[in-house]
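This report describes a protein model in plain terms.

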Amino acid sequence: MEVRVFPDAYGAALYTATLVETTIRQLSSPVLGLATGGTMIPVYQHLVQFHRRGLRFEHVTTINLDEYIGLEPTDRHSYHAFMREHFFDHVDLPLDCRYIPSGATCDLTAACQAYDEILRAHPIDLQLLGIGVNGHIGFNEPADHLKPHTHVVELTEDTIRQNARFFDAEERVPTRAITMGLQSILFAKRIVLLAVGASKAQAVREAIIGDIRTTVPASLLQLHPQVTFVLDEAAAQQLP
Ligand code: PGA
């Protein structure tokens, strides 16, 4: 596992975007696993800037980690809307090469199976991850058992509280989500986890030097041969 620490969040996001750019330039049809959340917004801002200076996405496929259940893709709080606002609407990524789980369907089992088919057909070259203050990755929340494949998850109170800042009120945060599973995440050829800010320091410490355990889902990344943790100094402050 590689750990890169930058003086501030700006440098960490820029480095992450540069790793994405390198993957896009190196491969003829790269598949990117994408994440949402506040941490990722500056990464997408950099990628949009790179696009304005010539980086093309026309040969790229993107597969997002997760989506809230019960929100239509048109809902401004959905991750579909997040991706359009921060990334898709500003780059030349083909419409039929952007995948996000469907959280607005009545047949969630079919939606999970369909997403696993997409993942099988498009092995991920570079997976971007954030981390929850509780150590979650995607919406794989701390639990006694973790699911390997795409599944429906009940969000923890921690996560609902954290994500309330994107909604008008905590009661508006959906309580369930559909997320890629741990096996699908660990199947990515390379994983880059970006974490910034002191609120993430404990989760980062447990993920990197703690025991591997399902109550800290990010600790399973220690099993992957090519993981880079990209941190600012605040997120790295509890590392030795
Ligand atoms: P954040 O979310 O970037 O909004 O902190 C990260 C996550 O929960 O994975």
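Helix α7, made of residues 201-209, lies across β1, β9 and β10 (227-232), and its direction is at about 155° to that of β10. The model is a predicted one.

**The sheet**

Seven strands form an open sheet with parallel pairing, in the order β1-β10-β9-β6-β2-β3-β5. The edges are taken by β1 (2-6) and β5 (98-99); each has a single partner strand, so one side of each has no neighbour in the sheet. Inside this order, β6 (residues 126-129) pairs with β9 (residues 190-195) in the parallel sense, over four bridges. In this part of the sheet, Leu126 stands opposite Arg190 in β9.

Empty space is found by rolling a probe the size of a water molecule over the atoms.

| Pocket | Volume | Element giving the most to the lining |
|---|---|---|
| Largest | about 620 Å³ | α3, five residues |

At least two lining residues come from each of β4 (66-68), α3 (79-86) and α5 (157-163). Sorted by class, the lining of the largest pocket holds 12 nonpolar, 16 polar and six charged residues.

The second largest pocket is lined by Asp116, Leu119, Arg120, His122, Pro123, Ile124, His149, Gln183, Ser184, Phe187 and Ala188. Five residues of the lining of the second largest pocket are nonpolar, four are polar and two are charged.

**Thr150**

Thr150 is found in the loop between β6 and β7 (151-154). Is Thr150 buried or exposed? The cut-off for buried is a relative accessible area under 20%. Thr150 has a relative accessible area of 7%, so Thr150 counts as buried.

Which residues does Thr150 touch, leaving out those up to four places away in sequence? They are Cys112, Tyr115, Asp116, Leu119, Ile178, Thr179, Met180 and Gly181. Two of these, Asp116 and Leu119, also belong to the lining of the second largest pocket. Another, Met180, is 30 residues from Thr150 along the chain, yet the C-alpha atoms of Thr150 and Met180 are separated by 4.2 Å.

Key. Residues are numbered from 1 along each chain as its sequence is written. This is a predicted model: local features need pLDDT of at least 70, side-chain atom pairs count only at pLDDT 80 or more; totals for chains, interfaces and linings use all residues. Side-chain values use heavy atoms; hydrogens and water are left out. On a 1 Å grid over the protein atoms alone, a cavity is a set of points where a 1.4 Å probe fits but cannot get out, and a pocket is an open set with protein on both sides within 12 Å along at least five of seven lines; lining residues have an atom within 4 Å of a point. Grid points are joined across faces, edges and corners, and a volume is the space filled by probe spheres set on the points. Ala, Val, Leu, Ile, Met, Phe, Trp, Tyr, Cys and Pro count as nonpolar, Asp, Glu, Lys and Arg as charged, and the others, Gly among them, as polar. Two strands pair if DSSP finds at least two bridges between them. Contact means heavy atoms within 4.5 Å. Axes are lines fitted to C-alpha atoms, for helices over the stretch in contact, and angles run from 0 to 180 degrees between N-to-C directions. Buried means under 20% relative accessible area, exposed over 50%, partly exposed in between (1.4 Å probe, protein chains only).
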